[in-house]
Amino acid sequence: MIEKVDQIFVILGHWLVSFLPSTLQPAAMVLLGVIAIIATFPALFALTVLLERKGLGRMQNRYGPNRVGPYGLFQPIADGLKSLTKEDIVPLSADAVVHFLAPVLLVVVVFMGYAVLPIGRNMTLVNMDAGLLFFFAIGASSELSVFMAGWSSRNKYSLLGAMRAVAQMISYEVPLLMSSVAVVMMTGSLSLGKIVDAQNQYTHGLPHWYIFTPWGFAGFILFAIAATAETNRSPFDLPEGESELVAGYFTEYSGFKFALFFLGEYVGMMGISGLGTTLFLGGYSAPFEVLGFVPSWIWFFSKIMLSMCVFIWVRGTLPRLRQDQLMNFAWKFVLPLTLLNVMVAGLWRFMGDGWLRWAVCSAILLLAYVTMARLGMRKEHFGPRSYRYAE
Amino acid sequence: MLGEGILKGLGETARNFAGSFVSAERLTTVQYPEERIAPIEATRDFPFLVYDGTDWEAGMRCVACQICEKECPPKCIYIVKSTDKKPDALGKPQIYPARFDIDISVCMSCQICVEVCPFEAIKMDTEFELSTADRFGGLLYDKKELSKSNEHFHKIHPTEAAEVDARLAEEKVKADAKAKAAATAAAAKAAAAPVAAKPASPPASSVVPAPEGEKKG
């Protein structure tokens with residue numbers, strides 16, 4: 001029975017497909033999966049936007065949207081209808097084709113990432129051996145769409161936003177990859193399914209999630225920072241900094257194209273949360289062995305929604321960084337620590353079981369963190385300012 | 001220590017988040033159309049014309065001196081002077097505004113018209129729910145729409161209205177005293193005149209200046 005509930009979508013899919021001739025069945029199965037993904041994640045996106053608006057409101061001691069429907073629950077529907085019925089404006093001097101393609105490309109690319117994510121037991125759309133590589137390759141092409149949007153708009157704010165976005169995304173791509181490399185080293189596989197399987201074991205009822213190891217914990221924090229920057233999320237939302245760039249690279253978009261960018265951003269966030277979950281939080285596995293009866297996909301979605309809540313919480317807390325702070329943080333703090341983390345992961349692998357490797361690995365990481373932080377936060381004294389021509 | 005401030009900040013927002021559900025003093029939002037709070041006394045938005053008594057046309061204080069029209073920075077006031085004179089609230093014949101329009105879509109609520117008015121005839125209102133479906137004529141108020149009674153002024157700005165009334169009463173007392181003095185002087189003159197020039201001028205001419213002096217005073 002438990003098994004049936006866990007596999008309900010797989011069973012349902014097979015049953016639906018069984019009406020078709022056998023030659024068409026594999027293709028139909030994939031198509032069903034695609035439809036499921038395209039239906040589920042925008043629904044979650046609507047829920048997240050509502051959560052974000054209500055949550056941010058509460059953090060700022062106000063109600064948030066509470067007019068449409070009971071407690072403002074139908075706000076996403078109202079927003080969707082509004083953006084659908086709004087006028088779609090393309091600037092006269094914009095490159096119309098690229099201007100149109102940019103949001104489409106973003107959404108396509110963002111959804112393609114879900115192809116390799118194990119959403120539940122036996123619920124991976126395409127179980128690739130190099131799934132992680134595929135995800136990163138696809139994720140990197142979202143930069144292209146951002147730059148297409150910025151360049152084709154023929155607007156200085158769009159262009160500046162796109163330049164910032166590309167600079168930021170390329171800078172944070174490196175720590176993002178390096179923090180996942182540690183996981184790949186431990187698992188010995190790029191397949192996301194195998195990575196989850198490696199974590200889906202229990203001793204004394206507690207899971208073997210990578211976050212519960214020194215290198216995994218450090219890796220997860222670094223991954224989370226890089227993922228926040230990668231999705232242009234506050235406090236790294238310089239590309240769309242309202243105070244200086246109107247709306248950044250999608251300044252010139254209105255109506256449904258704007259909604260597509262919005263959708264792409266949030267679905268991308270959920271995608272990268274899903275990857276982080278898969279890599280460090282045990283994917284679809286239950287947090288305690290006794291909770292193993294709860295269907296695996298429920299765990300996956302609750303972990304995603306939990307990380308979305310953390311994204312919202314961070315957005316409600318931190319102010320936006322400055323461009324130089326952003327770059328310094330990426331190259332002088334996050335990247336060295338991820339490199340060290342790769343080394344520590346190697347050390348962990350070859351030190352064997354026991355408390356010693358816990359002590360050594362934790363000590364190295366903690367020491368490095370403190371030293372780097374001290375160095376980074378050192379006050380530079382420039383002395384009294386002197387003028388050459390003024391005075 | 002790096003990250004300490006971030007954790008502190010996260011704690012602060014979490015406290016706000018949880019606190020807004022339990023403590024009413026954190027959540028200060030007034031949900032406007034259903035809930036309202038009384039405006040503070042200094043509230044002001046658009047000007048209105050004050051009239052004394054009950055009839056807005058008879059009691060209008062404005063004498064169409066056009067100072068406000070000239071001083072208005074966005075030029076939202078339009079006044080046409082009357083060609084005839086009508087008695088005002090005190091019964092004196094005065095020029096009155098044949099037209100007095102304010103385009104409140106242009107008005108910037110600066111209150112300069114109120115400050116320059118020598119007759120305490122224009123004051124600031126507190127009415128703010130003025131939205132209309134007609135975006136051209138709907139916000140162009142004529143003198144009938146602009147006229148509001150002194151009682152209304154007392155209701156919205158009690159302190160200021162009391163001051164204005166006291167000032168007007170003082171002026172009236174002064175004016176009455178002056179008029180009286182002028183009247184007595186004229187009467188004395190009239191009494192003295194017949195002795196000197198009784199045969200030269202008819203008695204009617206000596207009677208006429210007296211009420212005129214009363215009016216001017």
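**Entry 1. Helix α12 of chain A and helix α1 of chain B**

I looked up where helix α12 (residues 296–317) of chain A meets helix α1 (residues 4–22) of chain B; their axes come within 9 Å and cross at roughly 100 degrees. Axes here are lines fitted to C-alpha atoms, for helices over the stretch in contact, and angles run from 0 to 180 degrees between N-to-C directions. Helices are DSSP runs (H or I, at least four residues), numbered from the N terminus. α12(A) and α1(B) are therefore roughly perpendicular to each other, a label for angles of 65 to 115 degrees, while those under 35 count as roughly parallel, those over 145 as roughly antiparallel and the rest as oblique.

I noted A:Trp313, A:Val314, A:Gly316 and A:Thr317 on the α12(A) side, in contact with B:Ile6, B:Gly9, B:Leu10, B:Thr13 and B:Ala14 of α1(B). Contact means heavy atoms within 4.5 Å. The residues of this contact divide into five nonpolar, four polar and no charged. In this grouping Ala, Val, Leu, Ile, Met, Phe, Trp, Tyr, Cys and Pro are nonpolar, Asp, Glu, Lys and Arg are charged, and the others, Gly among them, are polar.

**Entry 2. Basis of the model**

I record that this is a predicted model, in which local features need pLDDT of at least 70 and side-chain atom pairs count only at pLDDT 80 or more, whereas totals for chains, interfaces and linings use all residues. Residues are numbered from 1 along each chain as its sequence is written, chains are lettered from A and ligands numbered from 1 in the order in which they are written, and side-chain values use heavy atoms, with hydrogens and water left out.

**Entry 3. The interface as a whole**

I found 19 residues of chain B in contact with 18 residues of chain A. The buried area between the chains is about 1,700 Å², and carbon and sulfur atoms give 63% of that area; buried area is the accessible area (1.4 Å probe) that two parts lose on being put together, summed over both.

Which side chains form the salt bridge between A and B? They are those of A:Arg67 and B:Glu34, at 3.1 Å from N to O. A salt bridge is a side-chain nitrogen of Lys or Arg within 4 Å of a carboxyl oxygen of Asp or Glu. The rule finds one across this interface.

**Entry 4. Within chain A**

I then turned to helix α13 (residues 323–350) and helix α14 (residues 355–377) of chain A, whose axes come within 10 Å and cross at roughly 170 degrees. α13(A) and α14(A) are therefore roughly antiparallel to each other. The residues of their contact divide into 16 nonpolar, one polar and two charged.

I also noted a salt bridge of A:Glu244 with A:Arg164, the closest N and O atoms being 3.1 Å apart. The pair links distant parts of the chain, 80 residues apart: A:Glu244 lies in helix α10 (residues 242–245) and A:Arg164 in helix α7 (residues 156–187).

Technical notes. Helices (H or I, at least four residues) and strands (E, at least two) are DSSP runs, numbered from the N terminus.
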